[in-house]
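Hi,

Here is the structure I promised to pass on. Have a look at it first, and my notes on what turned up follow below.

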There are 2 protein chains.
Amino acid sequence: MNHPFQHAVIIGTGLLGTSLGLALRKHNLAKLITGVGRKGCNSAAIAQQRGAVDRATDDPAAAITSHPADLIVLCVPIRQFPDIFRTLAPKLAPGTLITDVGSTKFQIMQWAAELLPPTVHFIGSHPMAGSEKTGPEAAREDLYNNATCLMCPPDKSTPESAAAFKRIEDLWQSLGMRTVSCNAADHDRRVAAVSHLPHAMAFALMQAAGKNPAALEAAAGGFTDMTRIAGSDPTMWTDIYLSNRDAVLAAINSFSAELATIKAAIERNDENAIRDYVEASRQTRESFITRRRATNAPKEK
Amino acid sequence: MNHPFQHAVIIGTGLLGTSLGLALRKHNLAKLITGVGRKGCNSAAIAQQRGAVDRATDDPAAAITSHPADLIVLCVPIRQFPDIFRTLAPKLAPGTLITDVGSTKFQIMQWAAELLPPTVHFIGSHPMAGSEKTGPEAAREDLYNNATCLMCPPDKSTPESAAAFKRIEDLWQSLGMRTVSCNAADHDRRVAAVSHLPHAMAFALMQAAGKNPAALEAAAGGFTDMTRIAGSDPTMWTDIYLSNRDAVLAAINSFSAELATIKAAIERNDENAIRDYVEASRQTRESFITRRRATNAPKEK
């Protein structure tokens with residue numbers, strides 16, 4: 001069988017990395033798959049048991065030393081990227097394609113430009129797939145299917161980098177993803193508005209409500225939906241907030257201004273202002289859902 | 001057949017009223033059911049076509065003139081209650097049980113004490129059932145099943161009022177609801193924290209995100225969940241905010257203080273503070289879900 005990649009190395013064998021291994025396997029996209037787990041943690045062994053990877057190691061350098069990789073995908077928390085880039089850099093075969101599944105892109109693209117040799121290609125990817133569940137046990141071969149992948153091409157476009165971008169785009173599309181290209185700064189502002197802010201809101205709502213246990217007894221489906229993502233992974237979210245600080249702060253400010261608007265209307269018993277506000281929200285929500293149904297509905301991340 | 005009620009009058013034939021009619025019918029709780037719709041609106045006729053009510057009218061007084069009612073349930077927006085109480089008051093048979101499905105209770109209990117004759121019993125009910133859908137077309141006979149009903153007994157307890165409370169409690173329990181008793185002020189503070197605040201957050205998030213259409217393209221499941229209730233009915237929510245103003249403002253303030261806490265941690269790049277905050281939210285969410293699974297899970301309202 002003719003595989004698009006001879007040796008794919010997945011660094012990070014949690015939910016996203018292990019699901020990626022299962023999906024690569026299912027779609028015959030890589031001949032050999034190596035999973036790199038965290039030291040002192042058996043996630044790569046679990047990924048191997050689940051058939052997501054052929055080989056399991058905890059050493060990124062070892063993963064590419066005996067068998068050079070033509071595809072490397074970073075599926076670890078964002079702040080581990082610089083160390084991994086530094087470890088891999090001296091050992092990378094020219095032309096290696098490197099991508100990731102990180103939730104922010106600007107800082108990652110800067111690190112890649114700074115720390116990786118110019119002979120390899122880093123393409124930033126953000127598959128909008130995931131779950132509030134974590135770990136290789138929660139992995140699913142269809143996690144990426146039917147979701148959107150935001151992709152950031154390198155700053156300097158050359159025929160080689162364009163070809164590299166195309167191969168990574170093909171990879172995600174082979175997994176059933178819809179790909180959208182945007183520059184890294186735009187990407188980070190967008191996900192701040194629709195993902196990083198809503199997560200901060202869910203964390204804050206859960207904390208506020210947690211101080212009133214009797215109230216929690218009265219919680220219904222709306223509250224449960226609003227706080228589902230409050231169960232997300234603390235390490236991942238710490239990383240996201242540190243690596244997308246400015247865009248997240250701007251999104252929190254813009255939301256706070258909106259909340260202040262409806263609060264002021266309630267404060268002054270302004271019936272028309274309250275109704276207009278809720279009606280405008282309802283309409284925005286409806287057109288969002290209508291547009292969303294017309295495209296591939298992106299899933300959670 | 002021996003029905004607990006001879007003539008139930010449902011005032012308001014939207015989602016909640018029509019679903020109540022279907023449920024009363026299914027469980028043989030009332031011999032005759034009259035639905036009172038809004039003037040110039042065919043909702044009562046639709047409820048009748050759906051078999052939720054036997055008779056349809058748009059006049060609350062007419063509904064109880066020819067056939068005295070032993071049960072009246074108000075399923076209209078809260079601010080219509082005083083007019084309906086005034087219209088019904090001179091025509092109510094002694095001993096009539098009156099309840100409601102309103103989302104706030106303090107103001108309603110005050111109006112009932114003030115406007116209804118002392119010969120009838122008003123028991124405040126808040127079935128935590130509903131949907132972001134509206135109208136008799138969306139009604140379901142199982143809407144109330146397996147949800148929680150918060151109930152407020154009258155301030156002055158007498159053997160008669162206790163018996164009245166018991167009959168209304170039996171009614172909701174017959175529909176498959178778990179009943180929880182609490183005083184009206186506590187009720188309003190609790191629902192402000194877990195329902196009225198989350199709705200305001202969803203309205204504000206939808207408005208903030210709506211100003212960034214490109215960002216909406218990147219929205220995933222978390223955002224969709226967080227904004228589902230932004231599609232709720234403007235009239236109902238205007239009523240709720242006007243009738244539960246102080247508790248809602250307090251809940252918004254308490255949430256805003258929490259959001260400011262995580263925002264400040266992000267602002268000062270405080271890794272430990274961010275991680276601790278997200279971890280605490282995750283734990284609170286987990287224990288909430290564990291407790292919730294141990295009881296009957298209340299549904300949406």
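Let me begin with a contact in chain B: B:R79 makes a salt bridge with B:D239, with 2.7 Å between the closest N and O atoms (a salt bridge here is a side-chain nitrogen of Lys or Arg within 4 Å of a carboxyl oxygen of Asp or Glu). This pair ties together distant parts of the chain, 160 residues apart: B:R79 sits in the loop between strand 4 (71-74) and helix 4 (81-88), while B:D239 belongs to helix 10 (residues 234-243). Helices (H or I, at least four residues) and strands (E, at least two) are DSSP runs, numbered from the N terminus. B:R79 is partly exposed because its relative accessibility is 31%, whereas B:D239 is buried at 2%. The cut-offs are under 20% relative accessible area for buried, over 50% for exposed, and partly exposed in between (1.4 Å probe, protein chains only).

Before the rest, some housekeeping. This is a predicted model, in which local features need pLDDT of at least 70 and side-chain atom pairs count only at pLDDT 80 or more, while totals for chains, interfaces and linings use all residues. Residues are numbered from 1 along each chain as its sequence is written, chains are lettered from A and ligands numbered from 1 in the order in which they are written, and side-chain values use heavy atoms, with hydrogens and water left out.

More on the salt bridges: the structure has 34 of them over all chains. One of them joins B:D100 and B:K105, at 2.9 Å from N to O. Both B:D100 and B:K105 are buried, each with a relative accessible area of 0%. Shared partners also join A:R79, A:D239, B:E271 and B:R275 into one network of salt bridges.

In chain A, A:R189 pairs with A:D186, their closest N and O atoms lying 2.8 Å apart. The two are three residues apart in helix 7 (residues 184-210), so about one helical turn separates them. A:R189 is partly exposed at 49%, and A:D186 is partly exposed too, at 26%.

Now the sheet. In chain B, eight strands form an open sheet with mixed pairing, in the order 3-2-1-4-5-6-7-8 (two strands pair if DSSP finds at least two bridges between them). Strand 3 (55-57) and strand 8 (178-181) are the edges; each has a single partner strand, so one side of each has no neighbour in the sheet. On average, neighbouring strands are turned by 25° against each other, direction ignored. Strand 5 (residues 97-100) and strand 6 (residues 121-127) of chain B run parallel and are joined by three bridges, and B:I98 has B:F122 as its bridge partner in strand 6.

Helix 5 (residues 106-115) of chain B lies across strand 5, strand 6 and strand 7 (148-152), at about 165° to strand 6. Helix 6 (residues 159-174) of chain B also packs on the sheet, touching several strands, including strand 1 (5-11), and makes about 30° with strand 6. Touching means heavy atoms within 4.5 Å; axes are lines fitted to C-alpha atoms, for helices over the stretch in contact, and angles run from 0 to 180 degrees between N-to-C directions.

How are the two chains related? A rotation of 180° with 0.0 Å of shift along its axis puts chain A on chain B, with an RMSD of 0.1 Å. The copies are therefore related as by a two-fold rotation axis. Superposition is by least squares on the C-alpha atoms of residues with pLDDT of at least 70 in both copies. A:M226 is the residue of chain A that comes closest to the axis, at 2.3 Å (C-alpha). Of chain A's interface residues, 99% are also interface residues in chain B, so the copies meet through the same surface.

Cheers
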